[in-house]
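Open the model in your viewer and keep the selection panel at hand. Each stop below names what to select and then says what is there.

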Amino acid sequence: MVTFKATHIVKPAEPTPEEIMYLNACDQIKDITHTPTIYFYRNCEKLDNGDDVGVLRDSLSKVLVLFYPLAGRLKWSAEGGSRVELHCNGKGVPIHEAVSEATVEDFGDFTPTREIQALIPSVDYTTPIDEIPLVIVQLTRFKCGGVSIGLGVSHVMADGPSALHFVDEWAKIARGADPIIPPFLDRKVLETDEPLVSKFNPAVLRPPPSLIGEEENMEQRKKPITVAFLNLTKIQIDKLRNKASEDLEAENSRGYSRFEAVAAHIWRCTSKARRHKAEQQTSLHFVADFRTKLRPPLPKNFFGNALIRVEATDTSGNLLSTPIGAASRKIRAAVEKVTDETVRGYLDYLKELRDVGRFRSLDNNGHPKGDFYGNPNLAIISWTALPLYGADFGWGKEIHMGPGSMGFDGKTFIIPSHDGDGSFNIAIWLQEENMGAFKKSFYDDI
């Protein structure tokens with residue numbers, strides 16, 4: 001049970017530019033929602049003797065001077081097409097103070113359940129868009145003396161690397177560390193006046209396959225889902241990589257990465273657990289970071305969205321009748337299509353769209369809509385290359401950082417272990433009727 005004590009609106013500590021900041025095509029297709037993450041901290045002397053919320057408020061006001069767009073608000077653009085404008089108006093970020101009768105240990109392995117979600121601020125997306133903060137924070141104190149920081153960062157404002165950059169600089173200011181690395185805020189850097197070499201093929205943006213005989217997906221959407229938080233050891237990951245790489249056709253080929261092998265394994269286990277017909281089409285959706293794919297590459301401290309949607313497709317029958325390496329090969333082929341040329345074409349295609357709302361999971365009034373990425377499909381978010389850990393606000397590093405409970409059927413996170421032991425934690429949401437079979441296959445088929 002979480003009890004709220006106070007809400008503080010934190011504004012930038014110094015005057016910041018009042019402007020309408022440009023949002024590029026990559027920003028415009030993002031959901032008008034927040035990415036929920038959670039940080040847990042054990043009790044320590046500094047937490048017992050310090051002013052935790054005061055530290056967060058003071059440091060947040062200072063970091064918002066650098067990341068001032070996050071203190072602004074979105075508004076619907078007059079040009080229509082479900083596009084938004086970013087108004088840098090310094091309205092600020094709320095920090096909610098709360099207390100809980102639970103202890104940090106009560107959350108066990110930190111599976112992203114409803115209990116975890118209660119530690120992250122909720123948002124009513126039917127509220128007018130220009131009243132919704134772009135960052136929301138919740139500090140919860142537990143009876144053991146530990147705390148959690150629940151965070152939501154607007155999808156329109158930042159992808160994973162950018163959101164983590166913000167948190168890292170905020171934590172550095174809180175504990176008095178140097179150097180501070182300011183963000184590169186000009187989102188026009190993604191665009192160029194040079195003529196396109198080739199046109200973007202919009203096939204990758206088509207709606208995902210439906211179950212055979214259920215073109216509307218309504219029955220699948222209604223089914224109850226559950227979450228599992230599963231660990232793969234380094235030995236198990238290496239075994240999957242080795243099995244996948246046995247299928248490489250050329251002797252000098254680069255072995256499959258941890259992501260390519262583990263994602264292929266999850267895809268196959270999911271199709272098996274769902275008991276698909278052999279001819280069932282299935283797609284694996286994920287995103288690729290194109291910061292280093294552009295020529296020239298984006299600045300290292302670029303702040304915004306630099307992700308492109310990627311998909312691998314197959315039939316369930318083929319997935320399960322061929323070795324894991326065949327699925328890894330499809331995933332690698334999808335990633336290798338992400339080049340400067342394809343990204344430029346993608347951005348140009350999005351910019352010319354009449355209405356970008358088709359890619360969002362909520363309509364313009366905050367009500368659910370959009371494509372269904374559940375059964376027979378999978379959406380994997382890989383955090384394996386992100387600097388997830390080390391958010392020390394002055395009371396030590398977190399003991400856990402992970403996603404909130406924002407799953408739908410097929411939503412999956414691949415998260416490197418906090419211990420640095422080379423293992424992965426897999427957070428996956430599946431329909432209840434399929435989860436048992438998935439867990440069995442997940443370990444038996446390694």
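## Stop 1: a charge over a ring

Select Lys 188 and Tyr 22. Lys 188 lies over the face of Tyr 22, 5.4 Å from the ring centre. Keep in mind throughout that this is a predicted model.

## Stop 2: aromatic pairs

Now turn to the rings. A pair of aromatic rings is described by the distance of the centres and the angle of the planes. Searching the whole structure gives 18 aromatic pairs. Start with Tyr 41 and Phe 393. Their centres are 6.4 Å apart, with 80° between the planes, and the pair is edge-to-face. Distant parts of the chain are linked here: Tyr 41 sits in strand β3 (residues 34-41), while Phe 393 is in the loop between β12 (378-382) and β13 (400-403). The two are 352 residues apart. Are they buried or exposed? Tyr 41 is buried, and Phe 393 is buried too.

Tyr 41 and Trp 395 are both buried.

## Stop 3: a buried serine

Go to Ser 423, in the loop between β14 (411-416) and β15 (424-431). Its relative accessible area is 5%, so Ser 423 is buried. Show side chains. The Ser 423 side chain makes a polar contact with the side chain of Asp 421 at 2.7 Å. Another polar contact joins the side chains of Ser 423 and Asn 231, at 3.5 Å. Beyond neighbours within four places in sequence, Ser 423 is in contact with residues including Leu 232, Thr 233, Lys 234, Ile 237 and Ile 415.

## Stop 4: a partly exposed isoleucine

Finish at Ile 180, in the loop between α5 (160-175) and α6 (218-222). With a relative accessible area of 30%, Ile 180 is partly exposed. What does Ile 180 touch, not counting residues up to four places away in sequence? Select Leu 66, Glu 169, Lys 172 and Ile 173. Then draw a C-alpha to C-alpha distance from Ile 180 to Gly 370: 40 Å in space, 190 residues apart in sequence.

How values were computed
Residues are numbered from 1 along each chain as its sequence is written. This is a predicted model: local features need pLDDT of at least 70, side-chain atom pairs count only at pLDDT 80 or more; totals for chains, interfaces and linings use all residues. Side-chain values use heavy atoms; hydrogens and water are left out. Helices (H or I, at least four residues) and strands (E, at least two) are DSSP runs, numbered from the N terminus. Buried means under 20% relative accessible area, exposed over 50%, partly exposed in between (1.4 Å probe, protein chains only). A polar contact is a pair of N or O atoms within 3.5 Å; within protein, one must be able to donate a hydrogen and the other to accept it, and residues adjacent in sequence count only if both atoms are side-chain atoms. Contact means heavy atoms within 4.5 Å. Rings of Phe, Tyr and Trp (its six-membered ring) pair if their centres lie within 6.5 Å; planes under 30 degrees apart count as stacked, over 60 as edge-to-face and the rest as tilted. A charge sits over a ring if NZ of Lys or CZ of Arg is within 6 Å of the ring centre and within 35 degrees of the ring normal.
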